[in-house]
Amino acid sequence: MREAASALPRKRAIFAGLLVAGLHAGALAAEPDMEAGRALFVGATPACALCHTLNDAQSSGAIGPKLDEIKPDAARVETAIRNGIGQMPAYTTLSDKEIETLAAYVAKATGAQP
Ligand code: HEC
């Protein structure tokens, strides 16, 4: 019985640890998926990287504005991707999820407000 009594505080500590890990995972889920966003930025057809400079994606395209300078928020990126703007084509083959991932990525990578 002595053993059980001494094991209790340890179990509580493990439980508290799991709780913190769980909350942490929840907070991360709301963060943009930077890896997926970067992959889309260089891998979409045509690649955003072809026309735009974005330090995070190590791209130096110069046809469109430097994203690090204009720091577009996610809504502005999303509108550009969906509708196209000037010489930039509308991306009709990307899914909603891909567009959201890309928009959140660009906003975060440039330090814009989400
Ligand atoms: C063919 C070249 C080209 C490609 C590819 C391209 N863009 Fe653009 N983009 C431009 C040009 C040019 C502009 C400026 C248009 C204007 O203001 O007339 C622009 C503008 C933008 C803007 C600013 C929109 C605004 O409201 O001022 C954002 C954000 C943007 N592009 C993001 C992206 C993303 C993300 C991708 C990939 C999904 C992408 N672009 C692909 C050429 C391109």
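1. Which element supplies the largest share of the shell around the ligand? In this predicted model, that share comes from α5, which contributes four residues. At least two residues of the shell are also supplied by each of α3 (48-51) and α6 (96-109), as they are by α5 (74-83) itself.

2. The ligand has 21 residues around it, and of these C48, C51, G64, G86 and M88 come nearest. Sorted by class, the shell consists of 16 nonpolar residues, four polar residues and one charged residue.

3. Two of the helices that supply the shell, α5 and α6, also pack against each other, at an angle of about 135° and with their axes 8 Å apart. The crossing in which α5 passes α6 is right-handed. On the α5 side the contact is made by A74, V77, E78, I81 and R82, and on the α6 side by I99, L102, A103, A104, V106 and A107. By class, nine of these residues are nonpolar, none is polar and two are charged.

4. I63 lies in the loop between β2 (59-60) and α4 (67-70). Is this residue buried or exposed? It counts as exposed, because it has 10 C-beta neighbours inside 10 Å, where 12 or fewer is the cut-off. Apart from neighbours within four places in sequence, I63 is in contact with C51 and Q87. Although I63 and Q87 are 24 residues apart in sequence, their C-alpha atoms are 8.5 Å apart in space.

Definitions and conventions: Residues are numbered from 1 along each chain as its sequence is written. This is a predicted model: local features need pLDDT of at least 70, side-chain atom pairs count only at pLDDT 80 or more; totals for chains, interfaces and linings use all residues. A residue is near a molecule or strand if its C-beta atom, placed from the backbone, lies within 6 Å of it. Ala, Val, Leu, Ile, Met, Phe, Trp, Tyr, Cys and Pro count as nonpolar, Asp, Glu, Lys and Arg as charged, and the others, Gly among them, as polar. Axes are lines fitted to C-alpha atoms, for helices over the stretch in contact, and angles run from 0 to 180 degrees between N-to-C directions. A crossing is left-handed if the near helix is turned anticlockwise from the far one by less than a right angle, and right-handed if clockwise. Two residues are in contact if their C-beta atoms, placed from the backbone, lie within 7 Å. A residue is buried if 20 or more other C-beta atoms lie within 10 Å of its own, exposed if 12 or fewer, and partly exposed in between; C-beta atoms are placed from the backbone.
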